[in-house]
Structures are given as structure tokens and as C-alpha cells.
Amino acid sequence: MIGTGIDVQRIRADFPILKRTVRGKPLVYLDNAATTQKPRAVLAAITSYYTDINANVHRGVHELSARATDAYEAARERVREFFNAASVREIVFTRNATEGINLVAYSFARPRLSPGDDVLISAMEHHSNIVPWQLACEATGATLTVAPIDDRGELILEAFDRLLTPRTRIAAITHMSNALGTVTPAREIVRLAHAKGVPVLIDASQAAYHMRVDVRALDCDFCVATGHKLYGPTGIGVLYAKEAHLEAMPPFLGGGDMIGSVTFARSTWNVLPYKFEAGTPHIAGAIGLGAALDYIDAIGLEAIAAHERDLVEYGTQVLQGIDGVRLIGTAREKASILSFVMDGVHPHDIGTIVDREGVAIRTGHHCAQPVMERFGIPGTARASLAMYNTRDELDVLGRALQKVRQVFA
Amino acid sequence: MSDLSDLYQEVILDHNRRPRNFHALPDASHTAEGYNPLCGDRLTLYLKLTGDVISDVAFEGTGCAISKASASMMTDALKGQTVAGGKALFERFHRMVTTPPDQAVEDMGKLSSLAGVRQFPVRVKCASLAWHTFKAALEQARKATTE
């Protein structure tokens, strides 16, 4: 690899799925913004949990339960370290980022919302950071306010600042757009909001596997991420929240494990973070996520980011060399996503034709319909990159797109 | 490329480039909106029934080549049909695109060009969207939509 400090071939060897073929062609996996592939270390951690120590956590006195609990809590500590939270009490395991946002919308926002209040989001949010707030606003009579983006796909900070009102109860903003690749100035967003006393949720689902997300440096009140985009398993997500918020919030889901004591008259809640983890959690998922974070840190997020920057630049050149291709999302701060449209060809037709060449890309609205509306298009084709992608793969994409041009000549 | 050229046959590409009956129909008696939330394809179908005959039919919307070409060819095929004839065409088309690719299907003339979607199961919905919208339009009261 030119100019970047990681050995991509060695990394590729760690991902078993990258050896497979699709329709007789080597798999070129460029749909990482939807989910990343899993390194062998993650698969091994999951298998080892089920093979050696499978038992329920926080329950029994027996050896396996203790071992499972240790492994599950070690994963929590690993997540704390990765996001630089102050305490494991601030790390809640969820199913995914969506569940984390819903948890905050229900337990933190709803009790604070009344008619005349507002919730502030941005025009580049994923549906998961829109709909929970819409539901909260509908239920409480509050208003959902949307900070605009410009033609490059950047958040207009002055407008965001203006839309923060004395009645804004929470701002929920992405750290990186899944549809455009825009990286938002999360630290500045939090600073502006806090200056007006508004708590902030940062959606780090896309950002967390491309750059360091340090919740203490950001000073955000809440931060969500999802395991399956961090090279970990599906079904495990993370909610970070400042301890004082979690202490004050009522539980989200009720059930086993989240209680202190239960009588039919009333129940009391367990300590943090267990108050927010009702029922048997995804133990294997948490352990797999811990292994994924080890894997990422062993390679180094800075090195990964440098490699991906090189790929984005190269991929941009490849796409610009194809007749009638236009990039959607040209933010100055941008990572790992090449969203584009092609004159006269619908994204779905692009997706089907490049799939025949073994190239997996996402096509459509990317669960961000308002973004598509902002740019006046029904959808885009999106190539999204991860640490194991190569310039060669972008050349394969380029050749596959030439085939699209031929079919639709 | 052979299955690709089955999917993107010249007649389909032609209907995609120059969709027929691609406009609103101000005096339509039946209208329906077709929407595929998975891919965002969206079309409005207009029918004008004169007695029992589909005397005019048109559509507007955005979608992939397959959904646009299918809608375009459907409007050609429906014009002049009776309501019963149109419904029968719907059934025949539905059977054609949902028959497994290794089994023979009846010849539906131009519409047979869409039989190629059978090799692309995720694209069958693209081909059938217009037809489902047609059926919805027939079931609606005057000027009603599914939304």
C-alpha cells in the first residue's frame, strides 16, 4: 500500500469471508457502511464463549456463570476504554444504536418534553435518529426541528446554533453521515449546545470505526454506536451516557437483571448500568465486540483512517473518470463513503449490474430519505470503505461501472 | 453477461429511455400511488374507464429501468382492454414473473421481456410494482389513492 502504514494483505487474511467468490468473481465488499465483515478473532471469541463458558451472567454462583460474567464485564470495560468513558457505569449494552437512541428518547427526553419544547436534529440523520424523536414529539406535543445542510452535505453550524432555543430539550446529531460521508464537528456542536444548556446525543454509528470517538473529549451527554459496524457481531450496541443522566432517568425496559428487589407492590432498580439492561443480554455479542475493539486498536484507528483517506481520494478519482457520474456528498471533512449517481441510470440498475462483477454496494436511500430529498434524487449508489479494502477493488468497481455505461449506452 | 442481457433487453432499455403514456391524466376516473419503500420506487397510475373499457391509461413517477419499463409496457397492454381483461393480464403477468426461472412460462408478447427478472429475485418487485398499482387503482373509488 502506498503512503499508509498498514499491511492490507495481512489484514485481509484475517477476514475469512474476503476469500469467497460471488458469481464466480472475487468478492469486492464495498458495503461497509451497512455492516463490516468480521475478523477471525471476533468469530473465535464468540465460538470460545459458547464452547467453553456459556452460562447466564449476574446469576449463579457456579463457575461458568462467574466466568461468563467476567467475560461480559471485561467487554464492557473494553468498550469504556475504547470510547474513553469515565466509568463502566456509563456503558449500557443495547441491541444496536437504534435501541440506544430510543432509550434516550423514552427515558431522558419524553419526561422533559411538553408542547412548545423542541428536539433539534440535522438534515443528514439516519432514520434511526429521526423516528424516535418524531415519536417522542408526537407523544408530548413537542416540535422536531431540523438544522439544514449545505450543497456539499455539511451541517450549517450557524443555523444549528440559531435553532438552539431556550425550549430545546435535546439535540441529537450524527458524527458522520451514512449517506454522504460527512464528518460533523461534534465537539463544536456539543460546545454550542451546552452554551445554551442543551444536552447532546451524538450518533457515532458510522464514525466509530473510522476515527477515535472520545466521549470525554467531545463532552457529549449521550453517544450511541453499533457493534456490527465496528467489525463486531450484529445484535450488540453501546449507549454511553453521563452517569448523572443515567442516575436520574427511569428504566427503559423492565424485567430481570435490572431490578434491585421485586414485590407485587413495587420494585427497586439495580445500580448502573444494569438498571438499563433488562433480561439476559447478548453475552456472546458483547464478548465478540470486545474482541473487535482489540482488533481495531491493534491495527490503530489513525493508521486505518490514513488508509481509508487514501482509498476515498483514489475512489473519487476513479468515479470522476466515469462518464456521467456525479458524487453526492463532497464535504471538506469526509470519510470512507463514496455516494454517487449516474446520468440516466437508476441506482438499483447500477447495483444489479456491478453485483454481477462480484461488487457489493448499497443502492437506494440508505435509510436517509430526507437526505435524498435535500439533493433532489430518489437515491444513490454508495461504495463504503473499510480497513481491508484496496485500490485494486476500486478499480474493479470502476470497470463494473463502465459495464453499466455499456448496458445503458 | 447472458443473464444481464436477459434482464436489460433492448425493449426494456427502450421503454426506460422513452416511457410510453408517461404523463398525468387529468380526466382519470381511477388513480393509485404505487410505492416500494425498500428502494424508493414511486409511481402514480391513472386509469380512465369508459363503461367497462380501459379507454386511457398513463403513469408518472421515478424508478429503476425495470419498474419504469414495466409500467410503460403495462400501459400499452392495458389500453382498450375491458376491466376483466386487464385483471386477467395482471394474473398472467404475476404468474410469469413469479414462476421459478428453470420453468417455462407462457408467451406474453412484449411483456415476456420482463420474464428475465426471475433470475434476479430482488428485482421481481420492480417489475410488478406497476401491476399492483393497477390493481389497487381498480379497487379504489373514483380519484382515490392508496395513501
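Visitor: At what angle do helix α4 and helix α5 of chain B pack?
Guide: In this predicted model, the two helices in question are α4, residues 83-98 of chain B, and α5, residues 124-139 of chain B. Their axes lie 10 Å apart, and the helices pack at an angle of about 160 degrees.

Visitor: How many residues of the contact of α4(B) with α5(B) are nonpolar?
Guide: From α4(B) the contact takes V83(B), G86(B), F90(B), F93(B), H94(B), V97(B) and T98(B), and these meet V124(B), A127(B), S128(B), W131(B), F134(B), K135(B) and L138(B) in α5(B). Divided by class, the residues include four polar and one charged, and the nonpolar ones number nine.

Visitor: What is the strand order of the open sheet of three strands in chain B?
Guide: The edge strands are β1 (30-36) and β3 (53-62) of chain B, each of which pairs on one side only. Neighbouring strands are turned against each other by 20 degrees on average, with direction ignored. The pairing is antiparallel, and the order is β1-β2-β3.

Visitor: In the hairpin of β2(B) and β3(B), which residue takes a positive phi?
Guide: Strand β2, residues 41-50 of chain B, runs antiparallel to β3(B), and nine bridges join them. Among the paired positions, L49(B) has I54(B) as its bridge partner, while K48(B) stands opposite D56(B) in β3(B). The hairpin has two residues between the strands, and the positive phi, near 65 degrees, is taken by G51(B).

Visitor: Which helix packs on the sheet, touching β2 and β3 of chain B?
Guide: The helix spans residues 65-78 of chain B, and its direction makes about 165 degrees with that of β3(B). The helix that packs on the sheet is α3 of chain B.

Visitor: Why does α4(A) count as roughly parallel to α5(A)?
Guide: The axes of helix α4 (residues 97-109) and helix α5 (residues 131-140) of chain A come within 9 Å and cross at roughly 25 degrees. Angles under 35 degrees count as roughly parallel, and the crossing angle therefore makes α4(A) roughly parallel to α5(A).

Visitor: How many charged residues does the contact of α4(A) with α5(A) have?
Guide: In its right-handed crossing, α4(A) passes α5(A). The contact is made by I101(A), N102(A), A105(A) and A109(A) of α4(A), together with P132(A), W133(A), L135(A) and A136(A) of α5(A). By class these are seven nonpolar and one polar residues, and the number of charged residues is none.

Visitor: How far apart are the centres of domain 1 and domain 2 of chain A?
Guide: The domain assignment of chain A gives domain 1 as 8-30 + 301-407 and domain 2 as 43-297. The contact takes 19 residues from domain 1 and 20 residues from domain 2. On the domain 1 side, α11 (301-320), β14 (337-342) and α13 (369-374) each supply at least two residues, and the residues of that side divide into 10 nonpolar, five polar and four charged. Taken over C-alpha atoms, the centres are separated by 28 Å.

Visitor: Which strand of chain A does α11(A) run at about 5 degrees to?
Guide: Four strands form an open antiparallel sheet in the order β13-β14-β17-β16 of chain A, with β13 (325-327) and β16 (362-364) as the edge strands. Within this sheet, four bridges join β14(A) to β17 (residues 380-384), and the bridge partner of I337(A) is S384(A) in β17(A). Helix α11(A) lies across β13, β14 and β17 of chain A, and the strand to which it runs at about 5 degrees is β14(A).

Visitor: Which helix supplies the largest share of the side of chain A that touches chain B?
Guide: In the contact between the chains, 12 residues of chain A meet 12 residues of chain B. The chain A side has four nonpolar, six polar and two charged residues. Its largest share, four residues, comes from residues 347-355 of chain A, helix α12.

Technical notes
Residues are numbered from 1 along each chain as its sequence is written. Chains are lettered from A and ligands numbered from 1 in the order in which they are written. This is a predicted model: local features need pLDDT of at least 70, side-chain atom pairs count only at pLDDT 80 or more; totals for chains, interfaces and linings use all residues. Axes are lines fitted to C-alpha atoms, for helices over the stretch in contact, and angles run from 0 to 180 degrees between N-to-C directions. Angles under 35 degrees count as roughly parallel, over 145 as roughly antiparallel, 65 to 115 as roughly perpendicular and the rest as oblique. A crossing is left-handed if the near helix is turned anticlockwise from the far one by less than a right angle, and right-handed if clockwise. Two residues are in contact if their C-beta atoms, placed from the backbone, lie within 7 Å. Ala, Val, Leu, Ile, Met, Phe, Trp, Tyr, Cys and Pro count as nonpolar, Asp, Glu, Lys and Arg as charged, and the others, Gly among them, as polar. Domain bounds come from an automatic or database domain assignment. Two strands pair if DSSP finds at least two bridges between them.
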